[in-house]
Amino acid sequence: MELKDKIVLTGVKPTGTLHFGNYVGAIKPAIELGNQTDEGKHFMFIADYHALNQEKDGSNISQWTKEIASVYLACGLDPKHSVFYRQSDVPEIFELQVLLSAYTPKGWMNKAHAYKASVDKNNEKGVHVDDGVNMGLYTYPTLMASDILMFQSDIVPVGKDQVQHVEITRDIASSINHVYEKEIFNKPEYSLKEDAALVPGTDGRKMSKSYGNVIPLFKTDKELKKAIMSIATDSRPIEEPKDPEEILVYEIYKALATPERLEEMAAGLREGKLGYGHVKKMLLEDYIEKISAMREKYEYYMTHEDELEAILQEGAKKARAIASKNLVEIKAKIFGE
Ligand code: ADP
Ligand code: TRP
């Protein structure tokens, strides 16, 4: 089966405002992959019920959902080609989760990374192992399995931290198929995004919302300037020749510059002709040029809420039509035709 015939599904958890690292490592590759599939075979959704496990302020989740939907549309996701929806608008997913739970050994959940990380932290602190753990976190992998199996997905593009969830999904699918000796669920494969695409943040660690070191994706020029000017540098003078590979601004620039501009910066640093102020200015200018058309579209969607909502509702309608049909078939295979 070629990629274009496969069902590709990706979810994004609305837990914060997106940054440039997310664009390079998740948004752009997801959209490019989606465009290589056949129409209607790419599923892209906003996992708002997953987010509820960590964020209880629903207005924050709504705001981040709106931002993420606007970002994906602005970056080229075509809602006519891809099925683009909000998880909570497709209740069939939650019915399937109940069904999957009946076949999921509790022991698998004990081993899931997110839960284990909480247990380890609690053990370190000397408090009860399950302190602060809700059932949503504990059964997170079954909801993710349901997201994936609901649409009989073939490929799930994920970051490293999500691989285990896809493996659990495969195991759940296999064990149900085994019980009934029927191919009830398709076993999905994960496709792992390369680490090479990791963009460093303004302090040199991986750009991450939890480190507060981000270049926000679509903020005003002024806010972008503030973030870029805060990129860590040292106090060496302009004239001192520098190895570009050791310069953080250059590392970030790699993720967006054309080969010519990148070489221009590298040569300037090597020859002691460009200082940190100059290279930051180059980064800022090229960043703004790269994103400005997308930012305009982003702002359009952010200020045309009804239109944005209509797109998500149209996506949910398409998703529900497939999900309800699949659910009927799945139930028939289990309870009898
Ligand atoms: P954060 O670290 O900001 O919380 P997430 O863990 O929510 O980001 O990641 C969401 C997606 O963005 C993942 O697919 C992840 O691989 C990608 N991503 C996050 N940070 C980076 C980065 N610095 N460089 C490249 N990709 C990233
Ligand atoms: N758990 C994923 C994350 O934290 C988001 C997600 C939810 C997802 N359901 C999914 C990703 C299904 C891929 C497929 O990033």
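Phe45 stands opposite Tyr85 in E3. Strand E2 (residues 42-46) and E3 pair in the parallel sense, over five bridges. Strands count as paired if DSSP finds at least two bridges between them. Helices (H or I, at least four residues) and strands (E, at least two) are DSSP runs, numbered from the N terminus. The model is predicted: local features need pLDDT of at least 70, side-chain atom pairs count only at pLDDT 80 or more, and totals for chains, interfaces and linings use all residues. Residues are numbered from 1 along each chain as its sequence is written, chains are lettered from A and ligands numbered from 1 in the order in which they are written, and side-chain values use heavy atoms, with hydrogens and water left out.

Stay with E3. Five of the five residues of E3 are buried, so the strand is largely enclosed by the rest of the structure. Buried means under 20% relative accessible area, exposed means over 50%, and partly exposed lies in between (1.4 Å probe, protein chains only). In a regular strand the side chains alternate between the two faces of the sheet. Both faces of E3 are covered. Ser82, Phe84 and Arg86 are buried on one side, Val83 and Tyr85 on the other.

Aromatic rings come next. Tyr85 belongs to one aromatic cluster with Phe43, Phe45 and Phe151. The structure holds eleven aromatic pairs. Rings of Phe, Tyr and Trp (its six-membered ring) pair if their centres lie within 6.5 Å; planes under 30 degrees apart count as stacked, over 60 as edge-to-face and the rest as tilted.

Which parts of the chain does the pair of Phe20 and Tyr287 link? Phe20 lies in helix H1 (residues 20-35) and Tyr287 in helix H13 (residues 276-303), 267 residues apart. Their rings are edge-to-face, 5.1 Å centre to centre, with 80 degrees between the planes. Phe20 is buried, at a relative accessible area of 0%. Tyr287 is also buried, at 0%.

Tyr72 and Phe84 form a tilted pair: 6.5 Å centre to centre, 40 degrees between the planes. Tyr72 lies in helix H3 (residues 58-74) and Phe84 in strand E3 (residues 82-86), so the pair ties together parts that are twelve residues apart in sequence. Both Tyr72 and Phe84 are buried.

Charges also meet rings. Arg205 lies over the face of Tyr211, at 4.0 Å from the ring centre. Lys242 lies over the face of Tyr276, at 5.4 Å from the ring centre. A charge sits over a ring if NZ of Lys or CZ of Arg is within 6 Å of the ring centre and within 35 degrees of the ring normal.

What else does the side chain of Arg205 meet? Arg205 forms a salt bridge with Asp203 (3.0 Å, N to O). A salt bridge is a side-chain nitrogen of Lys or Arg within 4 Å of a carboxyl oxygen of Asp or Glu. Side chains of opposite charge can pair when their charged atoms come close. Asp203 is partly exposed, with a relative accessible area of 35%. Arg205 is partly exposed too, at 42%.

The structure holds 20 salt bridges. Among them, Lys254 meets Glu251 (3.3 Å, N to O). Lys254 is partly exposed at 35% relative accessibility, and Glu251 is partly exposed at 24%. Glu263 and Arg270 form another salt bridge (3.6 Å, N to O). Glu263 counts as partly exposed at 41%, as does Arg270 at 44%. Lys4, Asp5 and Asp38 are linked in a network of salt bridges.
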